[in-house]
Amino acid sequence: MAKILVLYYSSYGHVDSLAQAIADGARDAGADVTIGRVPETAPDEVVEAAGFGSNDDHPIIEPDGMADYDGIIVGSPTRFGRLSSQMASFWDRTGGLWMKGALVGKVGASFTSTASQHGGQETTQYSILSNLLHHGMTIVGLDYGFAGQMNDKEIVGGSPYGASTIAGGDGSRSPHEIDLDGARYLGGKVARTAEKLTA
């Protein structure tokens, strides 16, 4: 049984929703799944003023803990076309893992949320995936076996680079069911790939 970590940062719950759908997909594929958060780094007054929230049911993960997993699926909201400072700070603390090659050969994937359709989903996923590639991980994307990302009748996320959703400028838009289906598909694919690579 592959051990999968769904590691994320979420300000308003959209990335959290994707994380839970990804975990469902990985569990359905037979994986042992942990959902964990990275630490909040914004000052308390900023968190309060912006109305950030976090799911306290998901534990804070420290970098060294990633070595215990066969696959790591990383999610962050988009900040000006790249991953959030909270997620970047987490990866900036992984030098010791890199020195030991502790993540080499593990399976990695990405997911994100943006305010708008053209808010930088793919560039954010590139900025997530570049961290994983530098650690020697094997990348899994959201392939076109998930046809939902080809939908042109509704506003949905999804790209070959990973699962995604659109939150709306004020954060009031919930993830579309197609986006959640894509997240479940990605979770299952990572779990199956990790199981094969660790066999």
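Modeller: Before we start, a word on names: helices and strands here are DSSP runs, numbered from the N terminus, a helix having at least four residues and a strand at least two. Keep in mind that this is a predicted model.

Colleague: Thanks! Where does Y12 lie, then?

Modeller: Y12 sits in the loop between strand 1 and helix 1. S11 lies in that loop too, with strand 1 spanning 3–8 and helix 1 spanning 14–28.

Colleague: Why is S11 called buried?

Modeller: Buried means under 20% relative accessible area. S11 has 4% relative accessibility, so S11 counts as buried.

Colleague: What makes F80 exposed?

Modeller: Exposed calls for over 50%. F80 has a relative accessible area of 88%, and therefore F80 is exposed. You will find F80 in the loop between strand 3 (71–79) and strand 4 (82–83).

Colleague: Which residues does S11 touch, leaving aside those up to four places away in sequence?

Modeller: S11 touches G51, F52, G53 and R79 on that count. A contact here means heavy atoms within 4.5 Å.

Colleague: How do you know that the side chains of S11 and Y9 make a polar contact?

Modeller: A polar contact needs a pair of N or O atoms within 3.5 Å, one able to donate a hydrogen and the other to accept it. The side chain of S11 makes such a contact with the side chain of Y9 at 3.3 Å.

Colleague: Which record mentions S11, Y12 and F80?

Modeller: An unreviewed UniProt entry has the annotation "binding site", and it covers S10, S11, Y12, G13, H14, V15, T78, R79, F80 and H134. These positions are spread over 125 residues of sequence and also in space, up to 29.0 Å between C-alpha atoms.

Colleague: Let's turn to T94. Why is T94 called buried?

Modeller: The cut-off is under 20%. T94 is at 3% relative accessibility, so T94 counts as buried. T94 is placed in the loop between helix 3 (85–92) and helix 4 (95–100).

Colleague: What does the side chain of T94 reach?

Modeller: The side chain of T94 reaches the backbone oxygen of W91 at 2.6 Å. Not counting residues up to four places away in sequence, T94 touches P63, M66 and H135.

Terms used:
Residues are numbered from 1 along each chain as its sequence is written. This is a predicted model: local features need pLDDT of at least 70, side-chain atom pairs count only at pLDDT 80 or more; totals for chains, interfaces and linings use all residues. Side-chain values use heavy atoms; hydrogens and water are left out. UniProt positions are given in the numbering used here, feature names are shortened, and annotations may be inferred rather than shown by experiment. Buried means under 20% relative accessible area, exposed over 50%, partly exposed in between (1.4 Å probe, protein chains only).
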